[in-house]
Amino acid sequence: MGAGPGDPGLITLRGVQCLAQADLVLHDWLVNPAILRHANPAAEIACLGSHGAKATQRVIPQDEVNARMVTAAQQGKTVVRLKGGDPDVFGRSAEEIEALDAAGIPVETVPGVTAALAAAGYAGIPITHGKHCSAVALVTGHERHNKVGPPLDYGALARFPGTLVFYMGVTTAPHWSGALITEGKPADTPVAIVRRCSLPDQQTVRCTLATLPETIAEHRLRPPAVIIVGQAVALATEVPWFASRPLFGQCVLVTRPKDQAGPLWQRLTDLGAEVLQQPAIRISDPADWGPVDATLERLDRYDWLVFSSVNGVRYLLDRLCNGGGDLRRLGHMKLAAIGPATADELRRYRLQADLMPQQYRAESLADELVAKAGGERFLLARASRGREVLAQRLTAAGSTVDQIVVYSSTDVPQPEPEVAAAMSAGRIDWVTVTSSAIARSLGDLFGEQLHQPKLASISPITSGVLRELGFEPAVEAVEYTMDGLIEVMLANQEGTVQ
């Protein structure tokens, strides 16, 4: 299966379907880890090694890869061999399929977007053009020593009437570029080196065929890269859409719980950011469901059910339905939600909030509830920790208030190694801080290093906790939502800090 050149959105629908069925996923080091989120949660996932100065494990020899696929398939497992780009474009798939065929194992090939084609879309280089270039040649810059058949004919390539795209050609560029010029290719032929195509740190460097080796050395360009040679390079857009996105080149750390980070991750990715994920807190079942179950048996005692988070909605209503009840048991109650995300979660259960404050904070919710329903009976669905403002204000207004812990919130004890390394290296430009609990946990996770990136706070309450810990937020959302958070980050990029 081809994973595409890097952008996880470029995997095919068939690729997603196959990953969901896999028992074993064997992937190359160039495959974006974000693609693996499509894999069957029960699947075994193994990287086949890494290359270069940052290599962390040995590269598994091809014979071992073949043997592992054969053995797993013979055990009845569904195996996905996940390769960067397209498996049939310099991907050695033929050797692997030969081994599987010899063992009598059925094989399906799932194509992927290859880097040469991705460069056209992501670097703004039209590798074909009706008026200038009607052919494309995909060329390896690194022929194998044991190749059967004649070597590359650089004379034919020099005369090729179209665009040449070299794969694996960075380290061998002096050899093949010199050979093309010797065989008559004009020395001033336009060239583009597209490194890490379709990824947030994509780099495009232009030069000529004659200056290619010194350009690679000057910019210290290393694989992975494709090198495009021909007049098509001169037709490229000056600033392609991919690099013109507002957060391109920025690294953003998303700190929400893992199962809630997806929408924010997707939005930031669409805006061009490199997004790292480091949950600062974990959300899980409460330590004891007993009090929740007992309260669900006496819902008739309450006039209002109040939710101050998306998690509160999900955990309470799932418990109600999974315990044999259904939403009719809430029919006599009015529902309050602290903000639009919580109200949206209620709508997922076909429920409509009766009250949502204009400002999405506990103080505003309490004020509006007191004004509308002071003295009535309230049930608050809450986390295992958090502020007591809502309960205190309702009680002070003469209301009857009961609270039930419907989920646990605990700090993550240590950061992921990749995130810790990025923070230490100063690679992270932004950290999103979307709750007071997350703010406190981030202080424990990163300590003084948290002064290096810009902190994006979702609300004045969260900003207050950050300042209490000694960290000044760079921006604070005007509207206390994920969209509001992104808006102030974008305003900061444009030079208007809010």
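## An open sheet of five strands

Let's start with a sheet: 5 strands form an open, mixed sheet, ordered β4-β5-β8-β6-β7. Strands here are DSSP runs of E with at least two residues, helices are runs of H or I with at least four, and both are numbered from the N terminus. Two strands count as paired if DSSP finds at least two bridges between them. At the edges lie β4 (136-140) and β7 (203-208), each pairing on one side only.

Inside this order, β5 (residues 163-167) and β8 (residues 225-229) run antiparallel, joined over 4 bridges. Here L164 stands opposite V229 of β8.

This is a predicted model, where local features need pLDDT of at least 70 and side-chain atom pairs need 80 or more, while totals for chains, interfaces and linings use all residues. Residues are numbered from 1 along each chain as its sequence is written, and side-chain values use heavy atoms, leaving out hydrogens and water.

## Strand β15 and its partners

Now find β15 (residues 400-411), which pairs antiparallel with β11 (residues 281-284) over 4 bridges. I283 stands opposite S409 in β15.

With β14 (residues 377-383), β15 pairs in the parallel sense over 7 bridges. The bridge partner of A381 in β15 is I404.

## A look at R467

R467 sits in helix α17 (residues 460-468).

Leaving aside residues up to four places away in sequence, R467 touches E472 and P473, where contact means heavy atoms within 4.5 Å.
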